[in-house]
Amino acid sequence: MSRAIVVVPCYNEANRLDAVRFQEFSASHAAIEFLFLNDGSTDGTLGVLERLHAVDSTRFRFVHLSRNSGKAEAVRRGILVALDESPDYVGFWDADLATPLDEIPHFCRVLDEHPMLGMVIGSRLRLLGHQIDRRPLRQALGRLFANMAGILLGVGIYDTQCGAKLFRANQTCAALFAEPFRARWIFDVEMFARLVAASRQFGGPGLEHLVYEYPLDRWRDVAGSKLRPHDFVWSLAELVRIYWTYLRPGFASPAVTARLAGAGHLPSATIRGPKAPPPGKAGPPAPAKRRAA
């Protein structure tokens, strides 16, 4: 089976991070490893991660960030660290396991069977035989947001915000995450916008050829989410910023699109990761085995 490293961003997750479920899953999936990003937590999250690491230092590694940087930056830095380990696939997963870990092998299988795909994203479709438990208000706001994001991107994506995504570990993936995201809440949409902008400016496959939406068998709302309904308003403002930065006619972020063009904008060869950190930015920290000094 292909080797995958899944990044799990953590901010004050001591009461929601189910270490036992991670251990049980890992015991039967040797090719899947986890890299936890402790994003400046002020509770006991670091202690939970240290204990997991002590159980199996190969399967459960962590990076400790002394200051909270937000989910977007935590995921970005984690992906760059994971790429440097030369896996076949990298991805990110929500720490609350709203999407069960059992879905990860299904994502891997899709990428195994379709070499031209660049990523698999979870889709919370309410289908017969699927157990998708979302609160009505969040479901309604999610559908409205997805429709607006689809209009902005020029291609319909049913669920841009599901916190379960897996990428082929290649140059395109490295280029996608090389530059910090401008969006704090909806960096997933910004990631898609970077691909659309590069495709428009340099040619290459569009989202419909790179992205596979995988209907999840199970998903559930977990108490303690840090997102609130009023964050929907901020998300709309970020949509406007993403459009202005990447997708308005005649303009695209030169730094991002140039990186994607240099990568060939094709999901083909697996690489070891970025050769150098983004200009003016410090390189990502190495996975920690002990508490940072």
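Contact, throughout these legends, denotes heavy atoms within 4.5 Å. The structure is a predicted model, in which local features need pLDDT of at least 70 and side-chain atom pairs count only at pLDDT 80 or more, whereas totals for chains, interfaces and linings use all residues. Residues are numbered from 1 along each chain as its sequence is written, and side-chain values use heavy atoms, with hydrogens and water left out.

**View A. Overview of the protein chain.** The secondary structure of the protein chain comprises 10 helices and 9 strands, assigned as DSSP runs (H or I, at least four residues, for helices; E, at least two, for strands) and numbered from the N terminus. Of its 293 residues, 54% are buried, that is, under 20% relative accessible area (1.4 Å probe, protein chains only). Where contacting residues lie at least 6 apart in sequence, 84% of the contacts join residues at least 24 apart.

**View B. Helix α2 and its covering elements.** Helix α2 spans residues 45-55. Its buried residues are Thr 45, Leu 46, Gly 47, Val 48 and Leu 49, together with Leu 52 and His 53. The elements that cover these buried residues include the strands β1 (4-10), β2 (32-39) and β3, as well as helix α1 (19-27).

**View C. Arg 61 in strand β3.** Arg 61 belongs to strand β3, which runs over residues 60-65. With a relative accessibility of 12%, Arg 61 counts as buried. Its side chain forms a polar contact with the side chain of Glu 33 at 3.2 Å (N or O atoms within 3.5 Å; within protein, one able to donate a hydrogen and the other to accept it, and sequence-adjacent residues counting only if both atoms are side-chain atoms).

**View D. Packing of helix α3 against helix α6.** The axes of α3 (residues 71-83) and α6 come within 9 Å and cross at roughly 145 degrees. Helix α3 contributes Val 75, Arg 76, Ile 79, Leu 80 and Leu 83 to the contact, and α6 contributes Cys 173, Ala 174, Phe 177 and Ala 178. By class, this contact has 8 nonpolar residues, no polar residues and 1 charged residue.

**View E. Packing of helix α6 against helix α7.** Helices α6 (residues 171-178) and α7 (residues 187-202) pack at about 120 degrees, with their axes 10 Å apart. In α6, Thr 172, Leu 176 and Phe 177 meet Met 191, Arg 194 and Leu 195 of α7. The classes represented are 4 nonpolar, 1 polar and 1 charged residues. Phe 177 takes part in this contact and also in the contact of α6 with α3.

View F. Leu 207 lies in α8, which covers residues 207-210. Leu 207 is buried, with a relative accessible area of 4%. Leaving aside residues up to four places away in sequence, Leu 207 touches Leu 153, Val 155, Ile 157, Phe 192, Leu 195 and Val 196. The C-alpha atoms of Leu 207 and Phe 192 are separated by 7.5 Å, at 15 residues along the chain. Leu 195, touched here by Leu 207, also belongs to the contact of α7 with α6.

View G. Ser 235 is placed in α9, which extends over residues 231-247. At a relative accessible area of 10%, Ser 235 is buried. Residues up to four places away in sequence being excluded, Ser 235 touches Phe 145, Trp 185 and Ile 186. Ala 183 is 52 residues from Ser 235 in sequence, with 8.5 Å between their C-alpha atoms.

Definitions and conventions. Axes fitted to C-alpha atoms, helices over the stretch in contact; angles between N-to-C directions. Nonpolar A, V, L, I, M, F, W, Y, C, P; charged D, E, K, R; others polar. Buried < 20%, exposed > 50% of the residue type's maximum accessible area, 1.4 Å probe, protein only.
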